[in-house]
Each structure stands twice: as C-alpha cells, then as structure tokens.
Amino acid sequence: MRKTVELIPPLAVIFRELHEPNVYANYGPAIDLLHWVLIRLRDPYIKSISKENYDSVLRKVPSEMLVAAPNLIFQIASAKQSTAEEKWKYNGQGYSTLYAYHGSRLENFHSIIHYGLQQNMCKNSLFGKGIYLSSELGVSLPYSPIGYGWGGSVLGSELSCVALCEFINHPTIKKHNSAIKIQNTLSESVPDKYYLVTNSDLVRIRYLLVYSQEVHPTRNNESSGLLDWFRQHKLLTFMLGYVILLASVGLTHNKQVEKYYRLFVQKTGLD
C-alpha cells in the first residue's frame, strides 16, 4: 500500500486520463486503492466544507485567543446505520453536548478518524489518564505539529490537523474548578480551558481543521503538466536555468550577436 501511494500521480492527472483505453494498465493499483478509500470505506466518510461556512463551524467553540484560521475544514460524517453513532446517542440521553478541540500528530489521524479517540492511547497523563480536549483552538494547536503527507496532494505535502469534537456533558467529565487547589487534588480538576474525558464512548469527531503549508489549486489546463514536472524535478530545473543564464551571458558578449541586435533596434525604432 505504501509503495502504491508513493507511485500515485496527482489525482488531476488520473482524472484527465480516465477515458483513455490504457488508464487501468497505467494506474491499476492507484484506482483500486482510491475505490477502497472513497467507495468501500463509507463509515465514516469525509465531506469538504465550503469557505463561506468556516465561520459557522469555528463558532461552535468561540475562541478567546488569537489564532490562525485553518486552510481547510472537513466534516467527519457517519453512515445512517452507524453502530458507533447510535451508541453515542444512546449514551447521551438526558445530557447536553459540548464542542472542544483535540490536537495530535498527523500520522495519528487515520486511527482517530476510523476508531475515534481512545483514552488508553493518549500519552498525556499530567492530570489523569484520558482524552484531553480544550475549548481553545490555540491550546490544541501546539499538540498538532507539522507532518509530511503525500506529495501529490492538492493540500500540499506538509500538513497538521486539529479535531473538533462533540462530547457528552457527562458528570464523569473533568473540568476546571477554580474553587479547588489543583496541587492538592489533581484527580478532581484540570486547568482552565481543558476537559478530561475518561470514557471514549462519550466523544465523537465532527470536523477536521487542516493547516497546510502549501495549498495547490486544482489545475485542468495543459500547462499544469509542465509546471508539475518542474516542481517534481527542482534540481534539474535549477541546472537548466543555470545553463540558460550562462548561454545568455555568453551571447551578450558575442560581437556578431551584438551587431544583429543593434540592426534590429534601428529597424524597429526602439533606440
């Protein structure tokens, strides 16, 4: 699978060649992998959120800190017959729900999306074992360092993700209590802006906030192929540019070229 991912060209390239007779011979493993990810894996599935709706998503947890807005937002949706979603709704009967953020490394999000946040997988246990959430995006962002993804993605190859979660406001959820001295009762309270969830069944991932270092717009024109080639062969492009530069310098010192240049300038009236 890893080898197949490395060989997959940008999806715009595959899309342009879908009607070619040899498309499957060229991209067979890539097409099979995409069919598995996009068609067979339907719970959960990822939906892109339009730019005009970003504010409504971020307002679910109003932030007091000034932080950078995400480049992209995706919704994590469940199938109609989702066992996990039905179990979450059953556990939430009689309780309200809240939204909060969770930061993690990029490589953890495949597991997070498909299996949810698991309290036994969380390494941070300063205030007790469990899933740490925050009502501030700025608190969760440092826990989501830049990771390296697929180089052919229009999202860019350097990404970080923050999960926006919905959780059941159950009595077992640990919250900040200003009346409690944390140093004496670490098990009873957590810092301000934090939530500590000790039961994975109380949390569902609703959105992914994606921070990309370089977002490439999808290009369907023919010139994009040449640009993609230059991006993938940066060293060769640099060497070609250097050769062209040397050639241009050499030509400017050639008397014959200079003679024709002056003649051209006179004829065109540019002098």
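Where is Ile39 found? Ile39 sits in helix 3, residues 23–40, with helices (H or I, at least four residues) and strands (E, at least two) taken as DSSP runs numbered from the N terminus.

Before going on, a word about what we have here. This is a predicted model, where local features need pLDDT of at least 70 and side-chain atom pairs count only at pLDDT 80 or more, while totals for chains, interfaces and linings use all residues. Residues are numbered from 1 along each chain as its sequence is written, and side-chain values use heavy atoms, with hydrogens and water left out.

Back to Ile39. With a relative accessible area of 49%, Ile39 is partly exposed; buried means under 20%, exposed over 50%, and partly exposed lies in between, with a 1.4 Å probe and protein chains only. Together with Trp36, Val37 and Leu38, Ile39 makes a nonpolar surface patch of about 350 Å². Patches are made of residues with over 30% relative accessible area and no salt bridge; like charges are joined within 9 Å, and nonpolar side chains (Val, Leu, Ile, Met, Phe, Trp, Tyr) within 5 Å. The areas come from the Shrake-Rupley method with a 1.4 Å probe, and for residues only the protein chains shown count as cover.

Now the overall picture. The protein has ten helices and nine strands, and buried residues make up 32% of its 271 residues.

Let's go inside. In soluble globular proteins, nonpolar side chains tend to be buried together. Here the largest nonpolar core has 38 residues, and Leu117, Leu133 and Leu209 have the most contacts inside it. By nonpolar core I mean a set of buried Ala, Val, Leu, Ile, Met, Phe, Trp, Tyr and Cys residues joined through side-chain atoms within 4.5 Å. Elements giving two or more residues to this core include strand 3 (97–103), strand 6 (158–168) and strand 9 (203–212). Strand 6 gives the most, with eight residues. There is also a second, separate core of seven residues, which includes Val13, Val23, Ala30 and Leu33.

Leu33 turns up again with Val5. Leaving out residues up to four places away in sequence, Val5 touches Leu33 and Trp150, a contact being heavy atoms within 4.5 Å. Val5 belongs to helix 1, residues 2–7, and is partly exposed at 29% relative accessible area.

What does a search of the whole structure find in the way of aromatic pairs? There is one aromatic pair. The ring centres of Phe167 and Tyr195 are 4.9 Å apart and the planes are at 55°, so the pair is tilted. Rings of Phe, Tyr and Trp (its six-membered ring) pair if their centres lie within 6.5 Å; planes under 30 degrees apart are stacked, over 60 edge-to-face, and the rest tilted. Phe167 and Tyr195 are both buried.

Finally, the charges. The structure holds five salt bridges, each a side-chain nitrogen of Lys or Arg within 4 Å of a carboxyl oxygen of Asp or Glu. In one of them, Arg206 meets Glu85 at 3.0 Å, N to O. That pair links distant parts of the chain, with Arg206 in strand 9 and Glu85 in helix 5 (residues 83–91), 121 residues apart.

For contrast, look at Lys193 and Glu64, whose closest N and O atoms are 3.1 Å apart in their salt bridge. Lys193 is partly exposed at 24%, and Glu64 counts as exposed at 65%.
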